[in-house]
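Subject: Structure handover

Hi,

Here is the structure I promised to pass on. My notes on what turned up follow below.

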Amino acid sequence: MAAQRGQRNGVGVTPPAPTAAEITTPIPRITEVPAARERARAIPEAAVARLAVYLRVLSGMQEHGAGTVSSEELAAAAGVNSAKLRKDLSYIGSYGTRGVGYEVTVLIEEIERILGLTRKHSVAVVGIGNLGHALANYGGFPGRGFPVTALFDVDPDLVGVPVGGLPVEHIDDITRVCSEREVSIGVIATPPPAAQAVCDRLVSAGVQCILNFAPVVLQVPDHVEVRKVDLAVELQVLSFHVARRADNAAVLAEANARSANGRAVDGLVVS
């Protein structure tokens with residue numbers, strides 16, 4: 001029968017010829033990226049920073065025995081409005097329960113997973129001056145999943161001296177020590193001229209995330225993430241806000257003075 005796409009022969013059925021739609025329809029691609037990873041990629045950087053704040057607040061609530069928390073309570077404790085908080089938490093697929101709120105333990109687990117805190121991290125601090133000493137001795141890092149496992153400096157008087165329970169290694173050993181201890185995050189607290197060379201050593205050791213306290217712009221490969229912390233810049237930003245508030249107060253005072261003067265005529269106050 002001419003209308004049939006396949007005909008029987010003595011052996012079996014011949015395969016039907018493909019239709020035009022089958023020829024032109026592209027074969028769907030199979031993606032293997034987990035949905036959680038896709039959500040993480042879509043989260044704005046500002047929201048990521050706020051998620052870290054929510055995690056800190058939630059951890060404190062958990063320590064005090066809180067089982068659930070409303071969006072209003074969590075927003076107030078984190079210093080944001082509840083609408084923004086709900087938007088941020090929607091990025092990780094957490095919407096809470098109406099009338100109940102969010103389960104603290106579950107929300108902590110969800111945020112930790114998105115922030116990558118379920119993975120093992122190891123931190124190296126390079127530059128054991130005043131700032132480096134403070135970072136090496138800070139007890140809050142291990143409790144939040146960021147144990148400091150290596151310290152480096154170029155000063156021979158510091159090499160071998162324990163700081164925060166760890167002996168300081170020479171800067172020439174960065175590549176070997178970081179590779180052996182599987183350092184994933186490097187902290188640069190060196191003087192500006194040494195920062196780029198230190199960064200290059202960390203990158204050669206396989207470190208892909210760098211927290212830079214040196215006031216310089218580091219040149220890194222595309223796969224390396226750098227976060228710059230410039231305390232002077234932060235102080236300048238605060239200075240701007242102080243100056244703006246002072247200017248606004250001065251403008252308001254001047255406007256009030258003009259308004260008062262405008263009501264005074266020949267020494268008499270016009271009601």
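Of the contacts in the protein chain with a separation of 6 or more, 53% are between residues 24 or more positions apart. Keep in mind that this is a predicted model. The protein chain has eleven helices and eleven strands. It runs to 271 residues, and 28% of them are buried.

Helices 3 and 6

Start with the packing of helix 3 (residues 45–63) on helix 6 (residues 104–114). The angle is about 145°, and the axes are 10 Å apart. The crossing of helix 3 and helix 6 is left-handed. Helix 3 brings Leu51, Tyr54, Leu55, Leu58, Ser59 and Gln62 to the contact. Helix 6 brings Val104, Thr105, Leu107, Ile108, Ile111, Glu112 and Ile114. By type, the residues of this contact are nine nonpolar, three polar and one charged.

Helix 5

Helix 5 covers residues 82–90, and its buried residues are Leu85, Asp88, Leu89 and Ser90. What do the buried residues of helix 5 pack against? There are four partners to look at: helix 3, helix 4 (71–78), strand 2 (102–103) and helix 6. The N-terminal end of helix 5 is capped by asparagine 81. A side-chain oxygen of asparagine 81 lies 3.2 Å from the backbone nitrogen of alanine 83.

The aromatic pair

How many aromatic pairs does a search of the whole structure find? The count is one. The partners are tyrosine 138 and phenylalanine 141. Their ring centres are 4.8 Å apart, and their planes stand at 85°, so the pair is edge-to-face. Tyrosine 138 has a relative accessible area of 43%, so it is partly exposed. Phenylalanine 141 is also partly exposed, at 27% relative accessibility.

Is glutamate 169 buried or exposed? Its relative accessibility is 16%, and the cut-off for buried is under 20%, so glutamate 169 counts as buried. Glutamate 169 sits in strand 6 (residues 166–170). Neighbours within four places in sequence aside, glutamate 169 is in contact with Leu151, Phe152, Asp153, Val159, Val177 and Arg181.

Glutamate 182 belongs to the loop between helix 9 (174–180) and strand 7 (185–188). At 54% relative accessibility, glutamate 182 counts as exposed. Check its backbone too. Phi of glutamate 182 is near 55°, a positive value in a residue other than glycine.

Arginine 201

Last, go to helix 10 (residues 192–204), where arginine 201 is placed. Arginine 201 is partly exposed, with a relative accessible area of 30%. Which residues does arginine 201 contact, leaving aside its neighbours within four places in sequence? They are Ile171, Asp172, Ile174 and Thr175. Arginine 201 and aspartate 172 are 29 residues apart along the chain, and their C-alpha atoms are separated by 8.5 Å.

Over to you.

Best wishes

Key. Residues are numbered from 1 along each chain as its sequence is written. This is a predicted model: local features need pLDDT of at least 70, side-chain atom pairs count only at pLDDT 80 or more; totals for chains, interfaces and linings use all residues. Side-chain values use heavy atoms; hydrogens and water are left out. Axes are lines fitted to C-alpha atoms, for helices over the stretch in contact, and angles run from 0 to 180 degrees between N-to-C directions. Helices (H or I, at least four residues) and strands (E, at least two) are DSSP runs, numbered from the N terminus. A crossing is left-handed if the near helix is turned anticlockwise from the far one by less than a right angle, and right-handed if clockwise. Contact means heavy atoms within 4.5 Å. Ala, Val, Leu, Ile, Met, Phe, Trp, Tyr, Cys and Pro count as nonpolar, Asp, Glu, Lys and Arg as charged, and the others, Gly among them, as polar. Rings of Phe, Tyr and Trp (its six-membered ring) pair if their centres lie within 6.5 Å; planes under 30 degrees apart count as stacked, over 60 as edge-to-face and the rest as tilted. Buried means under 20% relative accessible area, exposed over 50%, partly exposed in between (1.4 Å probe, protein chains only). A polar contact is a pair of N or O atoms within 3.5 Å; within protein, one must be able to donate a hydrogen and the other to accept it, and residues adjacent in sequence count only if both atoms are side-chain atoms.
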